[in-house]
Every structure is written in structure tokens, then in C-alpha cells.
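My entries follow in the order I looked things up.

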Amino acid sequence: MTLRGLDTGVAPARAAVYRVGMDLRIRKAVDVDLAPVAELRWSSIVDEKNAVPATEHGAFVEAFVAWARAAQHECFVAEIAGRIRGAAWVVLTERVPSPRALIRVTADLQGVYVDPDYRGQGIGQRLIAYVVEEATARGAERVVVHSSDLAVPLYERVGFTASRTLLHL
């Protein structure tokens, strides 16, 4: 799915934090957020989908945090009352220059997840919109996401559409 012509209605990308009401803060993750984000990732795959993990829980959290510190991906979090309740990752990739634009960038939205106890409140929608705004402010001409079947309606509400020209193997 790709995103085109989105009016997110979120705070400008240069703002450090997007506040919704008194409780929800959407912001770029910092180092102390990485272990709670790893816990969310574990929960989304092992607990919810009953997947068999390749390693034990503690080793996963440790490896995930090490990966996140070194990765080119950026993590954004949805924080409620001081606790991380959602996360989304984005990686910006340079594209081949064109005669129309020498600098071209695509953003890949990944690993979007909201704690099940906080779903249905618009948190995922706001988190995605914030990350999209950040990516486009940094020059991304398109944002792509590989969604689960369950999450397609969420992405469509934010403005993503299916594309016949974005193919994969």
C-alpha cells in the first residue's frame, strides 16, 4: 500500500512531540524506550499470534535493543501516562536520481503496533499520521507499508491505497 496526498492534520514534523489530550504523546523514541518497544514487539508476535520464538524472551529483548541502536530505522512511540503503548518504525531510502529530481527518497513504514488494551481509540491512526508527516518533511515522495490483512482498514483510514505498480516477490 502506498500513501498519496495525505492531509494528516498532525503537528508540524519539526515539533518534538505531538500531544493528544492530556495523556497521549507521540514522539521519537529515545534509548530508554527501546526495551519497552521490544516488549511490545514480542507481545505482538509471540503472545498475540502464538508464533514460536527463535530465542527466549530476555535474549530477544537484548538483541532487539542492540539492533535498534545500530539500525538506520527510526522508532516513534505512543506514550500514555508515561508508558509506551504503541510503536512504529520508519526507514528512509534514497532512490535513483531522475532528471526531474536529483534527490529522491522513499519511506518504508514498519512494525506498527498498539497495545491491545489501547486499540480502537485512534492511537494507531495518530501514530501512523505522525510518522508519515515526519517522513514527508524529510523529503519522502512516497511512504509504503506491508500490512497484515487485519490492519489494512487502519492504513486505508489514514490515506494509504493499494497500488498495482508496487510489486514484490
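I looked up Ala81 and found it exposed, at 64% relative accessibility. Here exposed means over 50% relative accessible area, buried under 20% and partly exposed in between, with a 1.4 Å probe and protein chains only. Ala81 sits in the loop between S4 and S5. Its phi is positive, about 50°, although Ala81 is not a glycine. Most residues other than glycine have a negative phi. The hairpin of S4 and S5 has two residues between the strands.

I note the ground rules. The model is predicted, so local features need pLDDT of at least 70 and side-chain atom pairs count only at pLDDT 80 or more, while totals for chains, interfaces and linings use all residues. Residues are numbered from 1 along each chain as its sequence is written, and side-chain values use heavy atoms, with hydrogens and water left out.

Asn50, in the loop between H1 and H2, has a positive phi near 55°. Asn50 is exposed, with a relative accessible area of 63%.

I counted elements next. The protein chain has four helices and eight strands, taken as DSSP runs numbered from the N terminus (helices H or I, at least four residues; strands E, at least two). Their order along the sequence is β-β-β-α-α-β-β-β-α-β-α-β. Of the 169 residues in the protein chain, 42% are buried.

I then turned to S4. How many residues of S4 are buried? Seven of the seven are, so S4 is largely enclosed by the rest of the structure. Glu74, Phe76, Ala78 and Ile80 point one way from S4, and Cys75, Val77 and Glu79 point the other way. In a regular strand the side chains alternate between the two faces of the sheet.

I followed the pairing of S4 on both sides; two strands pair if DSSP finds at least two bridges between them. S3 (residues 24-28) runs antiparallel to S4, joined by five bridges. S4 and S5 are also antiparallel, with seven bridges. Phe76 is the bridge partner of Lys28, and Phe76 has Ala88 as its partner in S5.

I looked at His73, which lies in the loop between helix H2 (57-70) and strand S4 (74-80). The side chains of His73 and Gln110 make a polar contact of 3.1 Å. Such a contact is a pair of N or O atoms within 3.5 Å; within protein, one must be able to donate a hydrogen and the other to accept it, and residues adjacent in sequence count only if both atoms are side-chain atoms. Beyond neighbours within four places in sequence, His73 is in contact (heavy atoms within 4.5 Å) with Trp67, Trp89, Val90, Val91 and Gln110.

I finished with the largest pocket. A pocket is an open set of points on a 1 Å grid over the protein atoms alone where a 1.4 Å probe fits, with protein on both sides within 12 Å along at least five of seven lines; lining residues have an atom within 4 Å of a point. The largest pocket is lined by 44 residues, and Val112, Ser147, Ser148, Ala151 and Tyr155 lie nearest its centre. S6 gives the largest share of this lining, seven residues.

Val158 and Ala129 are 29 residues apart in sequence and 6.7 Å apart in space, C-alpha to C-alpha.
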